[in-house]
Amino acid sequence: MTEIRTIQPDALPQVMDLVAKVDFPHRSKAGWHWALFENPQQGDIPAGFVAERSGEVVSMVGLQARDFMSDGAVIKAATGHTFISSPKGRGSGAQLARRAIGYPGLASVYSLNNNAGSADLYKKLGMNAWLNEAGRGRVDWPVRPLTMAAGLCFSRLARADRFYDALSSREWFNGRTSSLSQITAALLPDEDRLDPDNATDAALIDSFNASICEVRSVAPVRSAAFYAYQTADPDAPGRSALFTARDGNRILGLMQVFLTKPNAFEPAELEITDLEIHPDASRPRAIGHLVRNAKKIARAAGAGRLRLLLSGRFSREDLSQTGYHFQRRYSYDPAHASFGEGMEHFSEGWIPTGFEGDFHFALRVAPDPKARRRAASKGPASMD
């Protein structure tokens, strides 16, 4: 018999066992607690659901709640994540997904970060690729062209199983360990950086958020508290940076980036997970300033490229001052959503930037080579 219950902290050891059996990024128990139970916007929404059979967790789905402003009122939506079912959980995954999708009080349950395989599954569950072509676009800025090219070659080789196993047996392109916070502090002037834990910067963020919500019919609530939560990942301190284009004490443009290493055989890349422009700003000038700073950070961090997802919201003119870049597209839909009854206004007015998604904890972190060397110096690890 299958029992479905709200995920609680006591389930974390079994959640970690479940995650270890699939190709999801590793996360410690403290990291999972942070991701699931420390979200300041979660409110009364469950952090997710697990299915149990004979007391064993056999499948799970996470549900991270997010606040949105819709025509002056705060409403809740949620991003679904970490949707996993073990062989013992056959048939329970769909039950969990439907429980999450149908949870009352949510304007939408969505994913901005699904892969090609899960895209078909989401469609079967009744979720729609509501962004259409606008959701497939991405932009790449090469910052270390040779490194980027080598990574692309490895990625193509890895499409064959015989090469995938060989390339995945070791960590390639893993020479940098500096945190983005250190890099940003060294490369950018004070006026270009934002610290959500700083009271002055927090007030600037809140003012910027109010300006965006005033002109958008639907917008996520960009609170300093949520940005601070995102930077507090115990498994990856310093992996993100938040910076701005300013006019005195007013934010004209805001960008958030995360350093990720997609897999063992590709180089690190810097992902732009939030990019928003003040309604009074010159979009090309503000975006150009932000992207130039992001490229400096990416280069210093050893990344092969800077990447912008969900790029369909930007015009050619918007990106005209960002330097050489590639306009690319996915062959599948990476964003799917189910909208609640009467939420047509929400689905039509919402233009995601990535801030609303699970990128801040779902993107893979490169293993620390120093930690590997320390482990090796203590002798071989148990294979049990």
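Author: Buried means under 20% relative accessible area, exposed means over 50%, and partly exposed is in between (1.4 Å probe, protein chains only). This is a predicted model, where local features need pLDDT of at least 70, side-chain atom pairs count only at pLDDT 80 or more, and totals for chains, interfaces and linings use all residues. Residues are numbered from 1 along each chain as its sequence is written, and side-chain values use heavy atoms, with hydrogens and water left out.

Reader: What makes R364 and E171 a salt bridge?

Author: The term asks for a side-chain nitrogen of Lys or Arg within 4 Å of a carboxyl oxygen of Asp or Glu. R364 and E171 meet at 3.0 Å, N to O, so they qualify. R364 lies in the loop between helix 12 (359-362) and helix 13 (369-377), and E171 in the loop between helix 6 (161-168) and helix 7 (180-187), so the pair ties together parts 193 residues apart in sequence. Helices here are DSSP runs (H or I, at least four residues), numbered from the N terminus.

Reader: Is E171 buried or exposed?

Author: Buried, because its relative accessible area is 16%, under the 20% limit.

Reader: How many salt bridges does the whole structure hold?

Author: A search finds 25. D140, E266, E269, R305, R307 and R328 are linked in a network of them.

Note on methods: Helix = DSSP H or I, 4+ residues; strand = E, 2+ residues; numbered from the N terminus.
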